[in-house]
Amino acid sequence: MTDDTHAPVPYRTFILIWLALLILTAITVAVSRVDLGALNVWVALGVASIKSSLVIFFFMHLRQESRLFKLGLLVMLMILAVFIGMTFLDVLYRGAM
Amino acid sequence: MSIEHRDDTGARFGMWLFLYTEVILFSGLFILYAVALSKFPQDYAVASHKLNVWFGGANTLVLLTSSLTIALAVSAIQMGRKKQCLTLCWVTIGLAIVFLINKFFEWSAEISHGIYPGSEQLAAMGPGVTSFFNLYYFTAGLHGLHVLIGASLIAVVAVMTAQDKVTPERYTLLENSALYWHLFDLVWIFLFPLYYLIL
Amino acid sequence: MKQTTLTGFWQESPRSGVLGWLLSTDHKRIGIMYLGCIITMFLVAVCLGLAIRLELIAPGPTIMGPQTYNATFTVHGVIMIFLFIIPSIPAAFGNLLLPIQIGARDVSFPRLNLLSWYFYISGALLAVIAIFSGGGAPDTGWTFYVPFSTQTTTNVNLAAFAAFMLGFSSILTGINFVTTIHRLRAQGMHWGRLPLFVWTLYATAWIQVLATPMLGITLVLVMLERIFGAGLFDAARGGDPILFQHLFWIYSHPAVYIMILPGMGVISEIIPTFSRKPLFGYWAMALSSLAIAFAGSLVWAHHMYASGMSDMAILIFSFLTFIVAIPSAIKIFNWISTLYKGSIQLAPPMLHALAFIFNFAIGGLGGLALGAAAADVHLHDTTFVVGHFHYTMFGGTGFAFFAALHYWLPKFTGRMYNHKIAMIAWALLFAGFNVTYMSMQAVGIQGMPRRYYDYIPDFQPLNMVATVGSWILAVGLILMFANLWRGCRSGRPVGQNPWGAATLEWQVPSPPPLENFGAEDPVVTKGPYEYQGVVADEY
């Protein structure tokens, strides 16, 4: 188990992450103005996922936490994927009836 | 070990578990969104264009920046800079208020156009558009409610910091409030492209 | 040696009187408060259940009108599910036992624990208010299915809000338990030494954390729909009524594992104790709890075969449903292997545990019949389904709850009930239970629909048998609770280990003191089922 507290993250790191988030936001907006068909929504989700990883690992200090925290997050994301994905087992095949 | 046993890591882990429940809460709305999007892709694009990207974009910047300030506040208290920490907390709350004011104007404009859940004008725009705006209002509304709760939480913790109840040795409360705040930045990171930016 | 007052945590508290309870953060006091409320709500819902059975004793109106009947089965369901079964074992016995069993002095967040009890009691009050106010008691069934739930004029909003609060209470308990198990285990209490009850609570707590919010959002959407009339689940306005059922069962199917897993944990404690043998297949039992929790999250749509969802979904969910049977079967086989060549002592807790295995096996196999899509289309919404889930929920969790009462109440009151009366009560319960629900399953196969107020005369004989069975059940319940109550008040005092069990809670006084352990923190040196050298106290 890790120590109860972790070392403070320097301001500089956070500001860099913030700049990266702003750039990624600009990219989302820019890409959304290009017609990629069905790909658009996947690109948007992809960029959003990158942005959230930055927030989770740096702003939320997950990088400094023990393996338990990371495993917990993984379990939650897996269950989330199951809930959303398996609903589509019904919705996507409705027409086949 | 006694009943007063202090376990900061445990407290943070508990907070993370609570955040999972919030993610699942929002995921219910995202499931409805995903199904409707796959059913009415054209209508969703049409409806999305009725939203004001500038409002959404501005609010994205506001939330990202507030996430930065609260993260800096945690670093500040860790380094024992109480004054800076307090300033950063109040800036975060200020940004939350800006976000909510923005939202208020955005919603007033839409409601004045007859676009709100249950309105007849909205129903006349067809099932796809109706579904888009229903989900938009409920998701953004739930998000706004959480922003309000998060800002209040930070305000309480800021007062406690001023009273030295939150100290460089014992700052888990601030850290957990910050975690809560980041989560609603996260939710917005997904909300923004999904509602405002559909082509 | 007859004492008149209870000792231990019943007396030790920073505050005296009622406030010493209402503001207590001691996990045992919170557990006792949960237990009191839960048993009260259980008895209320039992009365409603008896009223339903009485109404169905003959075709046509018997004791109530159709609207009252709809309200009665709805409230019976809501109370039994949200106020009794879900919190029964985790919130009451989990709070009482979890910290002691892992060698901790309390849970990780004692104040949050108290808060969750307040959410529970507020939810209970709101549910009761919902019955008597507004447009009358909700009549939707406990499932709140749309479109009826968004259109009925009865008091659905308040009932849904009550369920939302109860969900919140359940989430907070789950967060507390996961954190406690990870962070507060005593020295030497590594994962391989956790009692099985703790393992099942751990699996349950994860489901509580990850599935309950889905119920929260579903109920919120029903309320918003009723307030704004937005058409979220109305196909004409871009909604989808079947999605409601998906969201609802994404929670409510995992929720049945919230209900049954802790019961399985109780049985896994009782069977080895009364067989004087280590539990067969410790790791298989521990991991099968996690497997049930995970696989249980993959099968929700097997409640929806007749809803009009796609055939592909029916196929896949039907297949996955069979997979859940595997870890459940592992548990049944391991209990029986534990019994094999054991030195079996048929004390009251053991009898209830054996009844659990019998009933749960029938309920589980009935579940497979319902999980098979072809059979389900015939059996869907018949009283076979009602019989099936009463076999798992009442015959399973209910009997596990009774087993836990008989097993652990002497620990927490320091007094023993009368064994002979307990056995008579058990026999009545077991007989009454099987007569009631076996007849219900049979009449369901004949085609009697569930939730119907009236039925054709052909169904009368079996319905009559079921109603008579419910009376036997009621007599058994009265006898059991009276006996337990008298035992707590004036039974013979017991020592710290009346059953000769090896888990940690039997190594502290009965009732346990505040903070459970004396000045020294416990150090664990052996597993939970190593009986060598453990001697039962005489009482």
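A polar contact is a pair of N or O atoms within 3.5 Å, where within protein one atom must be able to donate a hydrogen and the other to accept it, and where residues adjacent in sequence count only if both atoms are side-chain atoms. With that in mind, select chain B and chain C together: across their interface the rule finds 2 residue pairs in polar contact, both residues at pLDDT 80 or more.

This is a predicted model, in which local features need pLDDT of at least 70 and side-chain atom pairs count only at pLDDT 80 or more, while totals for chains, interfaces and linings use all residues. Residues are numbered from 1 along each chain as its sequence is written, chains are lettered from A and ligands numbered from 1 in the order in which they are written, and side-chain values use heavy atoms, with hydrogens and water left out.

Stay with chain B and chain C, and colour the side of chain B that touches chain C. Helices here are DSSP runs (H or I, at least four residues), and strands are runs of E of at least two, numbered from the N terminus.

Next, select C:Arg183 and B:Asp7, whose side chains meet in a salt bridge at 2.8 Å, N to O. The count between chain B and chain C is 2 salt bridges (a side-chain nitrogen of Lys or Arg within 4 Å of a carboxyl oxygen of Asp or Glu).

Finally, select chain A, which has 3 helices and 0 strands and whose C-alpha trace spans about 60 × 35 × 10 Å along its principal axes. An automatic or database domain assignment divides chain A into domain 1 (1-65) and domain 2 (66-97). Between these two domains of chain A, 6 residues of domain 1 are in contact with 5 residues of domain 2, and the count of salt bridges is 0.

Methods. Contact means heavy atoms within 4.5 Å.
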